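Here is a short tour for anyone meeting this structure for the first time. Have a look at the model, then read on.

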Amino acid sequence: MEKNFLYEWFSKRIPLKNMIEFGKKKTVPVHKYSVWYYFGGICLFLFVVQVLTGIMLLLYYRPTAESAFESVQFIVTQVKFGWLVRSIHSWAANILIAASFIHMFSVYLMKSYRPPREMTWLTGFFLLLIFLAFGFSGYLLPWNELAFFATQVGTNMAGAIPLVGGYIKTFLRGGEEVTGATLIRFFGFHVAVLPGITTVLLAIHIYLVQVHGMSAPIGIEKNKIKEEPFFPNFILKDMVGWSLVLTLLVFLSVFFPWEIGVKADPFASAPVGIKPEWYFMFMFITLKFIPGKVLFFEGEVLGIFGFIFAGIIWMLLPFFDKKAAQEKRSTFFTLIGVFVILYISVITIVGYMLPGK
Amino acid sequence: MNNNKEVNIPRRSFIDYLLGGSILALIASVLYPTIKFIMPPKVPEASQSSVKAAKVGELAPNSYKIFRMGTKPGILIHTEDGKFIAMSAVCTHLGCIIQYRPDMQHVWCACHNGHFDLNGKVISGPPPLPLEVFQVNIVGDEIIVSKKG
């Protein structure tokens with residue numbers, strides 16, 4: 001009786017009935033590619049892990065050049081389970097980016113971006129960019145040597161853009177050099193600006209997924225397709241996926257705890273064999289391979305423009321793929337996707353095989 | 001066939017207990033480190049039992065100074081008749097930092113109007129306990145304050 005009363009009270013104020021009706025009706029297509037559906041949920045789960053562990057780290061972290069490194073040391077050595085929480089935060093960041101790439105490429109190859117889901121693709125694309133920005137800004141926060149130089153290099157790359165580059169660099173660094181001002185700025189981006197943007201994008205992204213439902217790949221006929229109820233069948237499988245990811249996360253964090261490194265010294269030379277994080281490796285190596293001068297252009301500038309251009313094309317591909325929009329196979333776009341995956345994988349592997357210099 | 005049904009129900013509930021139990025175990029194994037992490041570790045208190053609080057000429061008669069005693073503030077009072085008195089500056093009521101009132105010639109806490117005499121005893125107001133009084137020694141021109149006992 002009382003349960004009913006509470007339900008009635010809330011359902012008058014919140015459209016609970018509609019939500020429950022929606023949940024009852026929601027189904028998910030079953031086919032041989034269904035496994036790829038779980039990666040979006042895995043990204044969401046990892047994002048929640050990041051929010052929770054991030055808030056926990058905030059309790060002890062101090063974002064100044066004088067004490068950032070020491071506060072991370074304090075977390076890792078003094079705070080109970082501090083080593084675990086920090087390790088999980090670092091590992092989950094990496095797995096989140098990896099899962100986002102997998103999610104994106106699976107969506108791409110299944111052409112799930114075709115009408116009416118272009119906006120879902122766009123918001124997803126921006127979410128990946130934001131996650132990369134999270135990775136870049138978070139990397140500096142322990143204020144260790146590697147992070148210091150990664151920021152030096154990364155902000156310098158932004159500075160290489162003609163005309164506006166200098167301003168962007170100064171804005172990012174909070175001055176001319178990478179200093180404590182940069183650290184506080186990156187901290188602000190990492191814990192306030194980016195989470196705010198993410199929340200909005202994520203809300204739209206997930207809302208659109210609910211509105212449109214899961215996309216079935218082209219060629220699997222809509223009326224013949226098997227469906228399973230979202231609740232509880234799909235959500236339970238989702239949770240199995242999450243617990244597997246959690247297990248992986250804890251395994252990696254316990255057996256390969258994230259290093260603290262050496263405290264940054266703005267007056268020391270960069271360590272030998274310095275490399276970016278794996279998800280920036282393909283850009284780093286590509287820029288290395290472009291010669292210093294190409295015709296009248298500086299190689300680096302050309303490379304950066306190349307990446308910006310390629311990124312914009314990738315973002316807009318759903319709008320060019322007319323065949324997929326008509327529910328026809330579009331081999332050309334599949335080939336583009338395969339090419340991009342191969343390019344990024346091969347160049348990244350090359351990056352790790354190249355000797356230190 | 002009826003028999004079969006009777007066997008199936010406990011088996012089903014056994015699985016339910018197993019599932020429920022492992023979900024509880026999972027929740028516990030996440031919550032335990034979380035709670036432990038949230039509670040800050042004890043920072044070893046710089047247990048200084050003796051500090052240089054001031055120089056002899058520094059304080060005029062009928063005035064005071066707050067000094068650091070380890071991690072906590074102490075108060076050094078130069079009384080009107082030239083004596084040096086030192087005690088804890090943390091009010092025993094709600095932990096505000098107390099001050100010496102030259103007009104009343106005793107110690108006063110501004111937060112809730114607590115009054116202490118120069119022996120640290122509560123004269124009036126809400127503080128439940130007296131202030132800890134320290135020992136004062138003058139070595140050369142330095143005033144050394146140390147904990148008693």
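## Before we start

A quick word on terms: on a 1 Å grid over the protein atoms alone, a pocket is an open set of points with protein on both sides within 12 Å along at least five of seven lines, whereas a cavity is a set of points where a 1.4 Å probe fits but cannot get out. Lining residues have an atom within 4 Å of a point. Grid points are joined across faces, edges and corners, and a volume is the space filled by probe spheres set on the points.

This is a predicted model, where local features need pLDDT of at least 70, side-chain atom pairs count only at pLDDT 80 or more, and totals for chains, interfaces and linings use all residues. Residues are numbered from 1 along each chain as its sequence is written, chains are lettered from A and ligands numbered from 1 in the order in which they are written, and side-chain values use heavy atoms, leaving out hydrogens and water.

## The second largest pocket

The second largest pocket comes out at about 1300 Å³. It is lined by 47 residues, and the closest to its centre are His89(A), Ser90(A), Ala93(A), Gly138(A) and Tyr139(A).

Which helix gives the largest share of that lining? That's α5(A), with eight residues. Other helices of chain A that supply at least two residues each include α3 (38–58), α6 (118–140) and α9 (180–212). (Helices are DSSP runs of H or I, at least four residues; strands are runs of E, at least two; both are numbered from the N terminus.) By class, the lining has 31 nonpolar, 11 polar and five charged residues. Here Ala, Val, Leu, Ile, Met, Phe, Trp, Tyr, Cys and Pro count as nonpolar, Asp, Glu, Lys and Arg as charged, and the others, Gly among them, as polar.

## Rings and charges

Rings of Phe, Tyr and Trp (its six-membered ring) pair if their centres lie within 6.5 Å; planes under 30 degrees apart are stacked, over 60 edge-to-face and the rest tilted. That rule gives 33 aromatic pairs over all chains. One of them is the tilted pair of Phe186(A) and Phe189(A), 6.1 Å centre to centre with 45° between the planes. Both sit in helix α9 of chain A, three residues apart, about one turn of the helix.

A charge sits over a ring if NZ of Lys or CZ of Arg is within 6 Å of the ring centre and within 35 degrees of the ring normal. Arg13(A) does this over Trp9(A), 3.9 Å from the ring centre, and Lys26(A) over Phe230(A), at 4.8 Å.

Most residues other than glycine have a negative phi, and most peptide bonds are trans. Against that background, a cis bond joins Pro115(A) and Pro116(A), with omega about 5°; Pro116(A) is in the loop between α5 and α6. Another cis bond joins Phe231(A) and Pro232(A), with omega about 0°, and Pro232(A) belongs to helix α10 (residues 230–255).

Phe81(A), not a glycine, has a positive phi near 60°. Phe81(A) lies in the loop between α4 and α5 of chain A and is partly exposed at 25% relative accessibility. In chain B, Gln105(B) has a positive phi of about 55°.

Key:
Buried < 20%, exposed > 50% of the residue type's maximum accessible area, 1.4 Å probe, protein only.
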